[in-house]
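Here is a short report on the aromatic rings of this chain. It covers ring pairs, their surroundings and the charges placed over rings.

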Amino acid sequence: MVESAFEVDIAGNTLKYTDGNIDFDDILCILPGPAPNKHRVLFFEQAKKDSAKSGEHTYLKKLDIKNLPIELSSFLTTIPSHIQNTDKPPVIQVVISIGSGTGKAKAVFQDALQPLFTNIGLKGIEIYETESAQTITELAQTKFIKHAAEGVPQTIILLSGDGGLIDILDIFYKSKQTVKVPPIIVLIPCGTGNAMASSIGLRSGPIPGLSTLLRGTPAPIPVFGARFSPGSQFVIDEGRQRMPIDSDGDRDDAAYRTVHCAVVASWGLHAALVADSDTFEYRKFGIDRFKMAANELLYPSDGSPCHRFKGKITISLRKDGEDGDIRQEIVESDEHMYALAAMVPRLEKEFLISPESVPLSGDMRFIRFGPMSPQDALHLMALAYQGGKHVAEGTVTYVNIEGLRIDFLEDEERWRRVCIDGKIVAVERGGWLELYKETKRLLHLIQ
């Protein structure tokens, strides 16, 4: 049965029809309608004021219209090949990370993504909900890498934070199978920081990422490797458990442990606040949990001074442009407050940690400052929220690097925790970390 269609008018940036108004900012796309000379508007609508779910959910709705005003022509959308049902359609897999951020991934799927698929006629989708921290890793091992090695086109839609992307990257770079067709990754950010999504511009709109799913294009993802000394382990379950890190598939297991990533590696204040804030009690505060954890680190409740992180940092710099030789430079001081290598410009939507970074360019930039007063550290962080002005301060090192090494000089494990794309690694006493750029690009990301 063909549903009724409405005549519409335009007033400013508002679509008006008999039963209501739709702001242009709430329109996702316009598709050919269910009948000739008709169109279907897909738009977002917030939960009603009197709803028990008020303020929690955004729904994707449809409106069939008879006429198409010229003001709406920019919303006309052709379904892209990475989700299109064609003669040889890609395998489309949706991963819903139940525990990411504040736990809204499932609602986003049910209220927005699933209705989108219905309206564009997309069928045969494989849907997976995470059951543990290992679910995405297991999917990558059993399904994603298999399709890629067999030359099967696939699109993986991640409703998660940065961790889901990194789990997949790590499996692909450690696998001994040859990738014939790179998978296409689509991010629907549902985490807390969402650094990659923020950096490629997915942090706007009622449901960030949905517009990019329809209008974006794939680009290869540059990756860096983090080699750890062999006693290093992942910290999981609010810091109570440890999990071994797999060794590089092409190396001696006893040599080191490797994690592959695409966003950030840090030690010092940033890594400590990410680790300390990764608890159930902190997570319910959303992105504010980072500021809360940072405040405790800078102003410890026991009255002690903030910690001076001890370690030897060696950075690798390329001389004379892209083709020059690489030289090693040791950071003058062995005491630090903040040391971070970034492949992206943003760690949060407004937190511009590396203003010169271009997303997916492959450049790695190093940001570091030494021990200072809590007030001065907070001032630098505030400048990062003001367009990345912190990098112009004389106390901050900001340089394009090829890699780095940290030799840890800390006795207490708490100060030897490293953040790798949101995952926490505890390095053993006397251990080390090395970062290097991967030359291969095995996955693509819609941006």
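Trp267 is buried in this predicted model. Its relative accessible area is 1%, and the cut-off for buried is under 20%. Phe408 is buried as well, at 4%.

These two residues form an aromatic pair. The geometry is edge-to-face, with 90 degrees between the planes and 5.2 Å centre to centre. The pair links distant parts of the chain. Trp267 sits in strand S16 (residues 264-268), and Phe408 sits in strand S23 (residues 403-408). They are 141 residues apart.

Phe351 lies in the loop between strand S20 (338-342) and strand S21 (364-369). Tyr385 lies in the loop between helix H9 (374-384) and strand S22 (397-401). The pair therefore ties together parts that are 34 residues apart in sequence. Phe351 is buried, with a relative accessible area of 6%. Tyr385 counts as partly exposed, at 30%.

In total, the structure holds 7 aromatic pairs. Two of them are set out here:

| Pair | Geometry | Centre to centre | Angle between planes |
|---|---|---|---|
| Trp267 and Phe408 | edge-to-face | 5.2 Å | 90 degrees |

Arg227 lies over the face of Tyr436, 4.0 Å from the ring centre. The charged end of Lys61 sits over the ring of Tyr59, at 5.5 Å from its centre.

How values were computed. Residues numbered from 1 in each chain as written. Predicted model: local features only at pLDDT ≥ 70, side-chain atom pairs only at ≥ 80, totals over all residues. Heavy atoms only, no water. Phe/Tyr/Trp six-rings, centres within 6.5 Å; stacked < 30°, edge-to-face > 60°. Helix = DSSP H or I, 4+ residues; strand = E, 2+ residues; numbered from the N terminus. Buried < 20%, exposed > 50% of the residue type's maximum accessible area, 1.4 Å probe, protein only. Lys NZ or Arg CZ within 6 Å of the ring centre and 35° of its normal.
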